[in-house]
Amino acid sequence: MHYHIIAIDPKAHLFEVTQTISTAKPQQILCLPSWLPGSYMIRDFARNIIDIKVVDKNEQQIEFSQIDKQTWQCHNDDNFIKISYQVYAWDLSVRSAHLDTTHGFFNGSSVFLSAKGLEHTKHTLTIEKPALAELSQWKLATSMKRTSGEQFGFGEFYADSYDDFIDHPVEMGELTIESFEACGVTHDIVLSGKHRASMPRLCKDLKAICEYQINLFGGTAPFNRYVFLTTVLGNGFGGLEHRASTALMCSRKDLPTNMHHEVNKDYCVYLSLCSHEYFHSWNVKRIKPAEFTPFDLSQEAYTEQLWAYEGITSYFDDFLTYRSGCVDQTQYLTMLSEIMTRVYRSQGRFKQTLKSSSFNAWTKFYKQDENANNAIVSYYTKGALFALFLDLTMRLETNGEKSLDDVMRILWKEHGAKDIGTEVNTHQQIIESLLNRNCDDLFAYLENTQDIPLKPLLEKVGISMRLRASAGNSDLGGGDTKGYTIAFGAKIKAESIGLKVLTVAQGSPAHQAGVSAGDLLISANHLQVDGQFEAQLQTMTIDDEVLLHWFRRDELMQGAMPIQAAIEDTISLDIQDKEKLKIWL
């Protein structure tokens, strides 16, 4: 089975795909996935297919019919058919396809039809350079195995199955490319977009992270080559894991500009993102839930285990930037404080369990609205805190002999390397075998909505966990910032006139006043409000009230907001005993 793709009209954002099948089944069925692994929401990629045609070896049209939103049936008798269609590519994300005169990107799941019954045969691909003269300098990067063409050039590629075929995203454009070796494996860093990044610095830091992770899992990488594909934007963030690469988006400010660039908060964001997606090379791409073996990309694949695959990965991503030497202890604890703060500021943590969060990712986590913080909890962030809870418990109970590292190595050896999916109790069984005790007390936190008791564990490893009030929307947690004493309870954004309300916490003073997401707050006690509104509230007296006016749509509304003390929902972590800390950091 052979595919051909070309950026036929970058200005109209159109790829053209031709698919040739020489061993077609009678009445061959063709299908496009409705989602892609790692992004748990129905995407309906087929909506972007335009003008599909099917012909025989004589170029005579073959009748075909559409069965459902993503499936077609060819009414063929011969085993040779050729399918052609265009794909509209204007989704600037890591999930689908995007094309213009600055670059082209696609995931195979959004552009290549599968042929039912032939999914396990060899798939070959020709990627042709765009015909526009102005794009003559374009290069191409992908982790797919190449059969012709220069490295980072257009040419021919192949995969052993359809699942493999769609798991190698492609980036094309005027790319910046640099490579390094980690544990004997070539890793390519590919940047698309305008930037001033120091490629040697990126190579240095990513090499440290990659080598640490490979060694954590036994010293041998599960791939022969790896590619970091990054689209650089003025403001962007995102990542999606693949079996030998990752597709990333970042902001220009996230990248280092020289070898001595400070590892500031922005650069930490990029390093952690790379660390997260690279860790997925083991944890979810190869170690994965039984429900994902194999993937059914035609409909939702429900699992209660995303806390383990995203939560544990979210714990290790920042942690391994520290363990690999890229950030120091203080920086790491600040990063951890911010994750903890995001959980503690969520009212949804009292309403949804980690297992429920995992199972309902399709309709809740990936379809968040303005009430999400009041209704759901993230299996990324609370899952990371549960992973920390397990790690600290194991280290303390075994005097540092066992940790979550050992769990991951066992998962790799017994499940990932053998392509055996994990069951809902697999992680608990492994930890019970390492601790030699029943661990129902630990894993109860997957099924209840209680706060995970981290404070006493952190104290035992020399860390103080301090709860304080927030100092406003820009306060993400960590540090010794003095929080506000008066609560407001809404996230806001300054507009040319007034404040746009983004979210409202249930039970907060803003909620009690009647303010809702989407409102435009314009005055408090008959004075116009601006970006200093929350700071100005701090001069008020407890049990007093302030009269608010706001527009909802085009209607003027008002409400009395009670002045109440700010709640403590922000975490700061500080080192108290460096000797005790050695068991963990």
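**Entry 1: after α8.** I looked just past helix α8 and found N399 with a positive phi of about 55°. I am working from a predicted model, where local features need pLDDT of at least 70, side-chain atom pairs count only at pLDDT 80 or more, and totals for chains, interfaces and linings use all residues. Residues are numbered from 1 along each chain as its sequence is written, and side-chain values use heavy atoms, with hydrogens and water left out. Helices (H or I, at least four residues) and strands (E, at least two) are DSSP runs, numbered from the N terminus.

**Entry 2: α8 itself.** Helix α8 covers residues 381-397, 17 residues in total. I checked its span: 24 Å from first C-alpha to last, close to the 24 Å expected at 1.5 Å a residue. The expected span is 1.5 Å times one less than the number of residues. Next I checked burial, where buried means under 20% relative accessible area, exposed over 50%, and partly exposed in between (1.4 Å probe, protein chains only). 15 of the 17 residues of α8 are buried, so the helix is largely enclosed by the rest of the structure.

**Entry 3: α8 on α10.** Two packed helices are described by the angle between their axes and the distance between the axes. Axes here are lines fitted to C-alpha atoms, for helices over the stretch in contact, and angles run from 0 to 180 degrees between N-to-C directions. I read an angle of about 15° for α8 and α10, with their axes 11 Å apart. That makes α8 roughly parallel to α10. The cut-offs: under 35 degrees is roughly parallel, over 145 roughly antiparallel, 65 to 115 roughly perpendicular, and the rest oblique. α8 passes α10 in a left-handed crossing. A crossing is left-handed if the near helix is turned anticlockwise from the far one by less than a right angle, and right-handed if clockwise. I then listed contacts, meaning heavy atoms within 4.5 Å. L390, M394 and E397 of α8 meet I431, L434 and L435 of α10. This contact divides into 5 nonpolar, no polar and 1 charged residues. Ala, Val, Leu, Ile, Met, Phe, Trp, Tyr, Cys and Pro count as nonpolar, Asp, Glu, Lys and Arg as charged, and the others, Gly among them, as polar.

**Entry 4: α9 on α10.** How do α9 and α10 pack, and at what angle? Helix α9 (residues 404-416) meets helix α10 (residues 426-435) at about 120°, and their axes are 10 Å apart. That makes α9 oblique to α10. The crossing of α9 past α10 is right-handed. From α9, I noted D406, V407, I410, L411 and H415; they meet T426, H427, I430, I431 and L434 in α10. By class, this contact has 6 nonpolar, 3 polar and 1 charged residues.

**Entry 5: burial in α10.** I counted 7 of the 10 residues of α10 as buried, so to speak mostly covered. They are T426, H427, Q428, I430, I431, L434 and L435. Which helices do the buried residues of α10 pack against? They pack against α4 (306-323), α8, α9 and α11 (440-443). Just after α10, N436 takes a positive phi of about 60°.

Entry 6: Helix α3 (residues 265-279) has 15 residues. It reaches 21 Å from its first C-alpha to its last, close to the 21 Å expected. Of its 15 residues, 12 are buried, so α3 is largely enclosed by the rest of the structure. Among the buried ones are Y267, C268, H276 and E277. I then turned to helix α2 (residues 199-216), whose axis comes within 10 Å of that of α3 and crosses at roughly 35°. The crossing of α2 and α3 is right-handed. R201, L202, D205, L206, I209, C210, Q213 and I214 in α2 meet Y267, Y270, L271, C274, S275, Y278 and F279 in α3. The classes in this contact are 11 nonpolar, 2 polar and 2 charged residues.

**Entry 7: loops.** P294 lies in the loop between α3 and α4. The peptide bond from T293 to P294 is cis, with omega near 0°. H13 is not a glycine, yet has a positive phi of about 65°. H13 sits in the loop between β1 (2-9) and β2 (14-21). Is D543 buried or exposed? At 73% relative accessibility, D543 counts as exposed, whereas H13 is buried at 13%. D543 is in the loop between α14 (533-537) and β26 (545-552), and its phi is near 80°.
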